[in-house]
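Reader: I am new to this structure. Please show me how to read its features, step by step.

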Amino acid sequence: MATITTADTDIHDESGSNYINCSKGILSWIITLDHKRIGVMYVIATLASFLLGGLFALGIRTELIAPGQTIMDADTYNRFFTLHGAIMTFLVIIPAIPGALGNFVLPIMLGAKDVAFPRMNLSSFYLWLLGAALTVYSMLQGGIDTGWTFYTPYSLEEGRDGVFWVGMGVFILGFSSIFTGLNFIVTVQRLRPPGMTWFKLPLFLWALYATAIIQVLATPVLGITMLLLAAERIMGIGIFDPALGGDPILFQHFFWFYSHPAVYIMILPAMGIISELISVHCRREIFGYKMIAFSSVAIAFFSFLVWGHHMFTSGQSPLMNAIFSAITFSVAIPSAIKIFNWLLTMYKGSIAFTTPMLYVLSFIFIFAIGGLTGIPLAILATDVQLHDTYFVVAHFHYVMMGSTLIAMIAGLHHWWPKITGRMYHEWLGRIAAMIVFVGFNLTFFTQFMLGTKGMPRRYHDYQEGLGWSVETTELFHTYHFISTIGSYVMAAGFFMILFYLLQSLVTGRKAPANPWGGASLEWECTSPPPHHNFDETPTPEYCYKFDHWVWSDSEQGYVKKALQ
Amino acid sequence: MSADGEHSAPGHIIPFSYTLGTFVALLFLTVITVGVAQFDLGALDMPVALLVAGVKASIVSLFFMHLRWDRPINILVLIGSIFFVVLFLVITMFDTGQNLDLKYSGDSSKVKEVLESQSFPVVQ
Amino acid sequence: MSLLLSILAAEQPGPIDTGGGFWFVPAASEYATTHDSIYEIVLWLSIFFFVLIVGIMIKFAWDYRRKSNNEPAGFGPTHSLVLETTWTVIPLLLSGVLFFIGIDTYADFKSPPANCYEVDATAQKWAWQFDHRNGASDSMVLKVPVGKPTRVTLHSNDVLHSFFIPAFRVKQDVVPGRYGSLWFTPDKPGVYQGFCTEYCGTGHSKMNFWVEAIPQEDFDDVIAKDARWIDDYSGDRLVWAGARLFSRCASCHSLKPGERMTGPSMWDLHANWGKTKKIEIDGKIQNVKIDENYILESIVAPWEKIAPTYMNQMPANFGKQLSSKELDALVRFVRQLDLVTDDNGQIKTEPLLSVTN
């Protein structure tokens with residue numbers, strides 16, 4: 001019979017050691033092998049990158065607030081949108097949930113003491129740092145202006161040396177991602193405690209497992225692509241440059257073969273977080289556990305078959321276009337299944353509008369729009385009109401930012417008490433969640449209309465002299481103005497989050513072991529957990545039955561009902 | 001730490017001669033690759049290159065990566081990855097092949113004339 | 001640029017891209033109308049599902065809100081084969097329907113009819129060049145007949161660009177190293193905007209063009225006149241030919257004093273005609289006299305002499321694209337710039353010939 005330290009014994013045990021205070025000094029963090037400390041370092045690193053990428057975004061939005069040059073010229077603008085995309089994609093969204101929340105939560109949720117390869121875990125963080133350093137170095141050298149997609153032959157032109165540095169940074173970041181994925185696969189396969197069968201795994205772990213498969217299978221292709229790009233630039237091997245007999249479309253095939261599965265690396269763990277949070281904050285067993293689990297794996301598989309839908313107007317043959325369009329619909333089905341399963345989880349639940357739950361509701365609203373706007377992009381005839389316009393920009397921000405990033409913030413709030421041992425100010429959290437939701441929709445909804453009206457992407461300017469009538473320029477101005485104001489509102493929301501989260505570290509109430517009433521294994525440890533997670537191997541039970549946990553007013557959290 | 005699963009072929013360490021042999025075989029096959037590249041085999045160019053590369057990959061995975069003495073499931077994992085590589089290459093090459101006739105074979109007189117009189121003006 | 005707009009303004013009846021509803025610019029071809037109806041179907045389907053999902057979410061959130069912390073955990077059904085099947089099969093069927101609706105129209109888009117009017121479009125950083133088979137050529141306006149399909153063959157001289165005309169709902173990337181094409185049939189006369197929509201560098205936002213749909217009965221005459229347009233210009237009028245040709249240069253060169261764009265301002269050259277200016281050859285600063293030879297060399301061999309603080313990025317093939325008379329006209333244009341521009345650096349309206357033709 002496992003004796004798991006319960007909330008009652010540890011919550012007021014001031015001398016209790018946890019993973020934060022069990023060893024002191026900066027060196028103990030720099031060479032730590034503890035997955036929890038690595039997770040915390042990832043949280044700080046990815047959030048710092050988010051701030052940087054967000055500042056670039058604010059620059060872009062400020063330039064576009066009115067026709068004509070507002071604060072920067074075309075060359076600067078082109079660098080801003082390139083770096084915004086590269087930083088957000090490679091430094092924030094791809095590593096954030098697996099590296100930050102996954103690293104922290106996965107072993108504890110599984111019932112293990114750590115991941116299978118702790119040194120590989122630490123290496124993956126340092127590889128992230130190295131990749132980030134190369135990107136920042138390139139920025140200091142003047143940055144790149146090719147767009148985060150590095151399309152050839154523009155990225156092959158002489159003098160654009162930043163492409164080499166960012167390309168190498170991306171190459172190294174790829175290894176960070178591969179190491180994380182490999183670690184997770186082996187951990188979930190091998191380190192499950194007795195009794196933790198596949199169908200007792202929390203859905204977040206199913207999601208991370210599916211993500212890890214994609215990470216390991218797809219990221220090497222990105223690595224090769226960057227190497228080939230560098231080889232083309234330096235040695236002129238003639239693979240992508242038409243002047244040397246190469247094919248620019250080949251580069252696009254290479255690039256998107258990774259980058260499409262990459263967007264599922266982003267969204268799958270996010271969906272896993274939503275599955276966890278919705279059942280905990282509705283205090284009700286998740287609806288359709290097996291379907292959600294299978295749909296994660298299905299999405300992972302189908303994600304490899306649809307990369308051509310980024311290339312419908314690029315010169316890809318009509319036959320391939322038709323095939324990719326048809327298969328793209330198949331990826332939408334598992335996502336739809338998840339949404340309906342989540343909705344049914346709310347049915348007859350006991351729903352608390354905590355900060356994480358508000359983010360979950362935002363996610364469903366925003367992901368519905370993001371997913372549905374993918375349909376005109378999947379249909380060939382309408383994609384011809386909408387490709388490379390602001391419609392696509394709005395669509396991917398709805399799914400990447402409004403869904404993935406919001407799920408990450410939701411997860412951060414949900415596990416914040418566990419990670420830091422502190423509660424943040426709940427009302428500030430709710431208000432910030434609403435501000436972010438409103439700001440997000442203001443920012444990106446008008447961009448759908450900008451796109452259908454024909455405003456192309458990556459334009460630093462829009463004015464009557466550049467091809468639009470006076471009336472349309474006025475219309476675009478209105479849409480862009482709303483969008484920019486929305487971005488400032490959203491930024492205010494995010495700065496508010498930063499503020500109260502930091503504040504909680506200093507003055508936040510000490511967190512109980514189980515503030516939300518979750519039933520998965522991480523809520524059985526103290527907040528923060530001890531260094532080795534569990535005293536003895538835990539006995540896993542199905543983690544979506546919540547009746548064992550009851551509210552305790554003295555704890556201001558949930559405690560296990562006394563077992564006879 | 002791990003509560004389930006045994007390691008396959010416990011304690012089996014391949015003799016150094018296998019590692020050395022793999023290295024020598026790879027060197028030899030690389031020489032073959034470079035040598036064959038000097039001749040133009042026409043349509044056989046790609047199949048020959050892939051064949052040599054396939055032999056090299058097999059030697060590395062079977063011997064150096066220990067798969068010959070490993071559980072069959074691990075070979076399945078490798079073959080699964082190869083499936084995705086093949087998928088990627090086949091679809092990409094198919095698409096490239098579909099567009100071959102568009103490469104500078106248009107029927108526009110003016111464009112053809114411009115193309116013939118210049119070769120990819122490079123922005124210097 | 002304004003010369004062009006004034007020409008266009010006289011010909012087109014009203015706003016070109018306004019009207020057309022909440023989402024798109026007005027449809028200017030039958031294909032565009034079909035496209036819009038596909039979008040309508042998807043739009044209403046999406047609105048239906050969005051209202052369904054968010055409506056259910058709000059209803060459940062309200063109905064099952066937690067009223068006290070001591071409330072027991074929620075309890076409800078946890079799986080339902082019927083529901084799971086329903087919401088798998090229905091989206092699957094809808095996907096099939098949507099795919100087939102789209103593919104039909106797309107196949108149409110990809111099948112130009114046999115009797116198309118053929119035009120070539122060349123994309124280059126950062127402007128287009130439209131060449132008709134009879135020799136007519138223009139850099140800003142693509143003239144096409146109404147009611148007859150036009151096929152545009154696309155080619156790039158340097159990097160990826162994309163040819164996009166929102167009014168016709170057509171787009172195709174222009175890839176260096178291969179030909180692409182697209183076709184459309186305008187169903188009424190008018191002027192429609194076109195844009196480059198694949199990122200290509202500094203001037204990507206400035207690479208717009210216009211499509212002018214001319215009634216079929218007038219079209220042949222217009223194009224024939226265009227082919228020999230420069231024949232009407234000689235002597236004193238040659239400078240106006242240069243003004244017309246200048247639209248090709250306007251995306252990188254300004255006519256305002258001191259205004260710096262990708263390239264130097266033409267006004268500064270004009271104002272200093274006959275004087276010397278500094279240029280860079282192989283990194284060394286030297287002097288050159290601003291005269292006809294300098295202007296001509298700067299067009300046909302722009303890499304030879306670079307103005308200090310500017311980069312060597314003028315395309316190298318203008319000399320092959322322009323006839324000697326056209327080059328003459330451009331040189332004359334720079335020399336006599338004050339005759340054809342007003343105080344704001346805008347090209348004045350060209351005076352009509354005294355003889356009507």
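Author: Start with a helix pair. This is a predicted model. Two packed helices are described by the angle between their axes and the distance between the axes. Here, the axes of H3(A), residues 35-63, and H5(A), residues 118-140, come within 10 Å and cross at roughly 15°. An angle under 35 degrees counts as roughly parallel, so that is how H3(A) and H5(A) run to each other.

Reader: Is the crossing of H3(A) and H5(A) left-handed or right-handed?

Author: H3(A) passes H5(A) in a left-handed crossing.

Reader: Which residues meet there?

Author: From H3(A), they include A:His35, A:Ile38 and A:Tyr42. From H5(A), A:Pro118, A:Phe125 and A:Trp128 are among them. By class, this contact has 9 nonpolar, 3 polar and no charged residues.

Reader: Now the interface. How many residues of chain A are in contact with chain C?

Author: The general idea comes first. The size of an interface is often given as the accessible area lost when the parts come together. Here we have residue counts instead: 76 residues of chain A are in contact with 76 residues of chain C. H10(A) gives the most to chain A's side, with 13 residues. That side divides into 44 nonpolar, 20 polar and 12 charged residues.

Reader: And the largest nonpolar core? Which residues touch the most other members?

Author: The core has 254 residues, and A:Leu205, A:Ile274, A:Val360, A:Phe363 and A:Ile364 touch the most other members. H4(A) supplies the largest share, 23 residues. Take A:Phe363: beyond its neighbours within four places in sequence, its contacts include A:Ile274, A:Ser403 and A:Ala410. A second, separate core of 23 residues includes C:Ala243 and C:Leu337.

How values were computed:
Residues are numbered from 1 along each chain as its sequence is written. Chains are lettered from A and ligands numbered from 1 in the order in which they are written. This is a predicted model: local features need pLDDT of at least 70, side-chain atom pairs count only at pLDDT 80 or more; totals for chains, interfaces and linings use all residues. Two residues are in contact if their C-beta atoms, placed from the backbone, lie within 7 Å. Helices (H or I, at least four residues) and strands (E, at least two) are DSSP runs, numbered from the N terminus. Ala, Val, Leu, Ile, Met, Phe, Trp, Tyr, Cys and Pro count as nonpolar, Asp, Glu, Lys and Arg as charged, and the others, Gly among them, as polar. Axes are lines fitted to C-alpha atoms, for helices over the stretch in contact, and angles run from 0 to 180 degrees between N-to-C directions. Angles under 35 degrees count as roughly parallel, over 145 as roughly antiparallel, 65 to 115 as roughly perpendicular and the rest as oblique. A crossing is left-handed if the near helix is turned anticlockwise from the far one by less than a right angle, and right-handed if clockwise. A nonpolar core is a set of buried Ala, Val, Leu, Ile, Met, Phe, Trp, Tyr and Cys residues joined through C-beta atoms within 7 Å. A residue is buried if 20 or more other C-beta atoms lie within 10 Å of its own, exposed if 12 or fewer, and partly exposed in between; C-beta atoms are placed from the backbone.
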